[in-house]
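Here are some exercises to work through with the model open beside you. Try each task before you read its solution.

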Amino acid sequence: MNRTQPLVLGIESSCDETGVGIVRGTTLLTNTVSSSMDEHVRFGGVIPEIASRAHLDAFVPTLEQALSDAGVALDDVDAIAVTSGPGLAGALMVGVCAAKALAVATGKPLYAINHLVAHVGVGLLDGAGSGRHHGAGPQLPENLGALLVSGGHTEILRINSITDDVQLLGSTIDDAAGEAYDKVARILGLGYPGGPAIDKVARTGNPKSIRFPRGLSQPKYMGTAEEPGKHRYDWSFSGLKTAVARCVEQFEARGEEIPVADIAAAFQEAVVDIISSKAVLACREHGIKDVLLGGGVAANSRLRELTGQRCASAGIRLHVPPLDLCTDNGAMVAALGAQLVMAGVEPSGIRFAPDSSMPVSSVSLPA
């Protein structure tokens, strides 16, 4: 197997995107994604059974398209990487079973990797925003943090080693930010998915018109740098969602027109304010000088703007991969898989089981 420039095929199926990506070392050859988003719209959220069935239907065509676009054959591949968690159990099962079948049929080594760490690994692809060092191709900077914001996850990570040492600094204790966007969009009648809808409407609203709560920001949760509170770097969005619902109810009770744009703008400001402030705090207190922003909510214009401003003020460099590499995709899985191969990490074999709550400290599953 080529361990210097391995050709790796990555498979992603943790939620509603069926992704197959192919990389050679740190060079992206193709990133092919089939989304079942449209099938979930009328339900206002992802339905696991529908997502799983969509993965079944989409996998073979997506794989064939990826191989065609990359101009490679399955026999050319050095290794296969697949998301083994976290994610929806049924959806993960489809991707993992497909990957195992390919591994058995081709005799290729199989790596079971962590979906969240893969979001960081995508920063190692050429042109994905990680920078170059000593002419040796992209490398992740030292003292790197990662802010992952999506429908299922809101987390700040410290990346000591992309292949074997990732530390969770803080996470949401209830709803993820993207989940809160979807629920608030439903309350405001804006449809699904909520992130793009609220982002668009909020541009015409006044973010200061209503002061919504910033969860876990009170002194008892924050503590101090010397004596950190239990939730110093954590987030909570369930109370914010409830506050928006109560606000809408009050306008309705008074028979007044609901100021949708103002509520959307105020809600969005509350989300991005607390996410960016806590992320920058965690980075400053852990000596982190570079932060990679990933996940579907990284597409949010206000999150990118405010996080960028606060990082710049704190002397932190913000790295944002291209948007199609921020959302769930197979390229990020292949990218992390390639790093594991190049680092000499042993493959996982085929006896592992997908883990819907796989901890971020597990970069890949051992054999």
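This is a predicted model: local features need pLDDT of at least 70, side-chain atom pairs count only at pLDDT 80 or more; totals for chains, interfaces and linings use all residues.

**Exercise 1: helix 3**

Residues are numbered from 1 along each chain as its sequence is written, and side-chain values use heavy atoms, with hydrogens and water left out.

Task: work out what helix 3 should span, and find what covers its buried residues.

Solution. Step one: take 1.5 Å times one less than the number of residues. With 18 residues (89–106), helix 3 should span 26 Å, and its end C-alpha atoms are 26 Å apart, so the two agree. Step two: pick out the buried residues (under 20% relative accessible area, 1.4 Å probe, protein chains only); they include Leu92, Val96, Ala99 and Leu102. Step three: look for the cover, which includes strand 1 (7–12), helix 2 (48–70), strand 4 (79–85) and strand 5 (110–114).

**Exercise 2: the largest nonpolar core**

Task: which residues touch the most other members of the largest nonpolar core?

Solution. Step one: a nonpolar core is a set of buried Ala, Val, Leu, Ile, Met, Phe, Trp, Tyr and Cys residues joined through side-chain atoms within 4.5 Å. Step two: among the 48 residues here, the answer is Leu147, Phe212, Phe237, Phe267 and Ile275. Helix 9 gives the largest share, 15 residues. Step three: zoom in on Phe212, whose contacts (heavy atoms within 4.5 Å) include Leu240, Val244, Ile263 and Phe267, leaving out residues up to four places away in sequence.

**Exercise 3: Glu269**

Task: is Glu269 buried or exposed, and which side chain does its own side chain meet in a polar contact?

Solution. Step one: find Glu269 in helix 9. Step two: its relative accessible area is 16%, so Glu269 is buried. Step three: its partner is the side chain of Arg302, at 2.8 Å. (A polar contact is a pair of N or O atoms within 3.5 Å; within protein, one must be able to donate a hydrogen and the other to accept it, and residues adjacent in sequence count only if both atoms are side-chain atoms.) Step four: beyond four places in sequence, Glu269 is in contact with Pro207, Arg214, Arg302 and Leu306.

Key. Buried means under 20% relative accessible area, exposed over 50%, partly exposed in between (1.4 Å probe, protein chains only). Helices (H or I, at least four residues) and strands (E, at least two) are DSSP runs, numbered from the N terminus.
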